[in-house]
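Subject: Handover of a structure and notes on its contents

Dear colleague,

I am handing over the structure below for your use. Please look through it before reading the notes that come after it.

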Amino acid sequence: IPKTYAQKKDFWRKGNFIYGWDQLPYVMDDLVIVSGMKDGLVFWEATGLPFIAGSGEGCFKQIQKILPTLRRRAKRVWTLMDPDGPGVMATRVFQKEVNIPPLSFKFLDDRRDISDLSKCMGLKWMERKLHEAFNRT
């Protein structure tokens, strides 16, 4: 299970953590920011690629604090947020404020995230769809 990240003592507050930080390779080609640990674990299982996850779509400020480090360690940084209202808004914020593009992944409907779809459609289906998303982007 991914461990939490706390750069400074004042950074750590209930619900304010970054999953997957301790598991990141020092240098990587791709890094994906997902909205939660469950989605991150499905993403990693399907692709084997590193991820970090904040505490939901409102994790922009958390990620922004460590973004310089992420950009030094990863050649490309992507977002893969939920397709609901907060997820779409978070995707736009990441794209506009810090120029992190989203993976162009088409969900079946706007109520399901990657963990829900994986449970419904199966991990092999999810693996195929995520690889298609990387090839389109």
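The model is predicted: local features need pLDDT of at least 70 and side-chain atom pairs count only at pLDDT 80 or more, while totals for chains, interfaces and linings use all residues. Residues are numbered from 1 along each chain as its sequence is written, and side-chain values use heavy atoms, with hydrogens and water left out.

Overall composition

The protein chain has 5 helices and 3 strands; helices (H or I, at least four residues) and strands (E, at least two) are DSSP runs, numbered from the N terminus. Read from the N terminus, the order of these elements is β-α-β-α-β-α-α-α. Of the 137 residues in the protein chain, 48% are buried (buried means under 20% relative accessible area, exposed over 50% and partly exposed in between, with a 1.4 Å probe and protein chains only). Contact means heavy atoms within 4.5 Å. Among contacts in the protein chain between residues at least 6 apart in sequence, 62% join residues at least 24 apart.

Helices α2 and α3

The axes of helix α2 (residues 60-73) and α3 come within 12 Å and cross at roughly 45°. Axes are lines fitted to C-alpha atoms, for helices over the stretch in contact, and angles run from 0 to 180 degrees between N-to-C directions. The helices α2 and α3 are therefore oblique to each other, given that angles under 35 degrees count as roughly parallel, over 145 as roughly antiparallel, 65 to 115 as roughly perpendicular and the rest as oblique. On the α2 side, the contact is made by Phe 60, Ile 63, Gln 64, Leu 67 and Arg 71, and on the α3 side by Val 93, Phe 94, Glu 97 and Val 98. By class, the contact of α2 with α3 comprises 6 nonpolar, 1 polar and 2 charged residues. Here Ala, Val, Leu, Ile, Met, Phe, Trp, Tyr, Cys and Pro count as nonpolar, Asp, Glu, Lys and Arg as charged, and the others, Gly among them, as polar.

The count of aromatic pairs is 1; rings of Phe, Tyr and Trp (its six-membered ring) pair if their centres lie within 6.5 Å, and planes under 30 degrees apart count as stacked, over 60 as edge-to-face and the rest as tilted. Phe 60 and Phe 94 form an edge-to-face pair, at 5.2 Å centre to centre and with 75° between the planes. The pair links distant parts of the chain, as Phe 60 in helix α2 and Phe 94 in helix α3 are 34 residues apart. Phe 60 is buried, at 13% relative accessible area, and Phe 94 is buried, at 1%.

Helices α1 and α4

The axes of helix α1 (residues 37-47) and α4 come within 8 Å and cross at roughly 55°, which makes α1 oblique to α4. Lys 38, Asp 39, Val 42 and Phe 43 of α1 make the contact with Ile 114, Ser 115, Asp 116 and Ser 118 of α4.

Two individual residues

Arg 76 is found in strand β3 (residues 74-80) and is partly exposed, at 38% relative accessibility. Leaving aside its neighbours within four places in sequence, Arg 76 is in contact with Asp 29, Asp 30 and Leu 31.

Asn 99 is in the loop between α3 (85-98) and α4 (114-121) and counts as exposed, at 61% relative accessibility. Phi of Asn 99 is near 55°, a positive value in a residue other than glycine. Most residues other than glycine have a negative phi.

Yours sincerely
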